[in-house]
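Welcome, and thanks for taking a look at this chain with us. Here is a short briefing to read alongside the model.

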Amino acid sequence: FEEETEKGSMARSCADWLTVSPPQLDIKPGQIREINVYVAVPPEIEGTYWAIVFVEGSPSPAVARGTQVSVIPRFGVKIYETPPGTARKSGKVSQMKLIETNPLKMEMIFQNTGNVDLKAEGRLEIRDVTGSTIREILIEKFPILPGAKRLLEIEDKEKPPLSTGSYQTLGIIDYGDENLVAGQLMFEIGE
């Protein structure tokens, strides 16, 4: 459940810059109508700003468990605006934590410290005492907005448990910039 907020009240909102034309219209079943969304970006803006335009249908009655209710279909269209030349990509791994060793479970927090929406992906490398990578777990692509933190829960379900010993874990994130960022964690598995 998400709480609705006032138009333009969220940080990095561009809702106040939007004009939807026409603001209201009736569409018959099977009919196609064009809706225009205009964005008037203030000149001092840098980085990504966003808003959602909601499209809502007319109420229709429905029966649920013997009670008549009114159903209102509604969906949102996300709008992102990044003025050309103002994007600054930046990110960091701010925390790594070992949750369990069998199966291997870790948590990593990636933070978007830049001013644009990022599509990040990565990998978790497990290295032995010689520095050799003995296991690699891929982190699927995920979106993250500017200023947001993403908790990544990583689990190695397919491989056998790690044997007794000392290990170094590198959590490496590629967020689309020239450089990758990483966090590291040392841990031991006892007998």
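In which strand is the place of glutamate 121? Glutamate 121 sits in strand E9, which covers residues 118-127. Please keep in mind that this is a predicted model.

**Overall build**
- The chain has 13 strands and zero helices.
- Read from the N terminus, its elements run β-β-β-β-β-β-β-β-β-β-β-β-β.

**Dimensions and burial**
- The radius of gyration of the chain is 23 Å, whereas a compact globule of 191 residues would have one near 16 Å.
- Along the principal axes, the C-alpha atoms fill a box of roughly 70 × 55 × 30 Å.
- Of the 191 residues in the chain, 29% are buried.

**The negative patch**
- Glu121 gathers with Asp174, Asp177 and Glu178 in a surface patch of negative charge.
- Why does glutamate 121 count as partly exposed? Its relative accessibility is 36%, and partly exposed covers the range between buried, under 20%, and exposed, over 50%.

- Valine 39 belongs to strand E2, residues 36-39.
- Valine 39 has a relative accessible area of 32%, so this residue is partly exposed.

Conventions:
Residues numbered from 1 in each chain as written. Predicted model: local features only at pLDDT ≥ 70, side-chain atom pairs only at ≥ 80, totals over all residues. Heavy atoms only, no water. Patch = residues over 30% accessible without salt bridge, like charges linked within 9 Å, V, L, I, M, F, W, Y side chains within 5 Å. Areas by Shrake-Rupley, 256 points an atom, 1.4 Å probe, with all protein chains shown as cover. Salt bridge = Lys/Arg side-chain N within 4 Å of Asp/Glu carboxyl O. Lys, Arg positive; Asp, Glu negative; His and termini not counted. Charge placed at Lys NZ, Arg CZ, Asp CG, Glu CD. Helix = DSSP H or I, 4+ residues; strand = E, 2+ residues; numbered from the N terminus. Buried < 20%, exposed > 50% of the residue type's maximum accessible area, 1.4 Å probe, protein only. Rg over C-alpha atoms; globule rule 2.2 N^0.38 Å.
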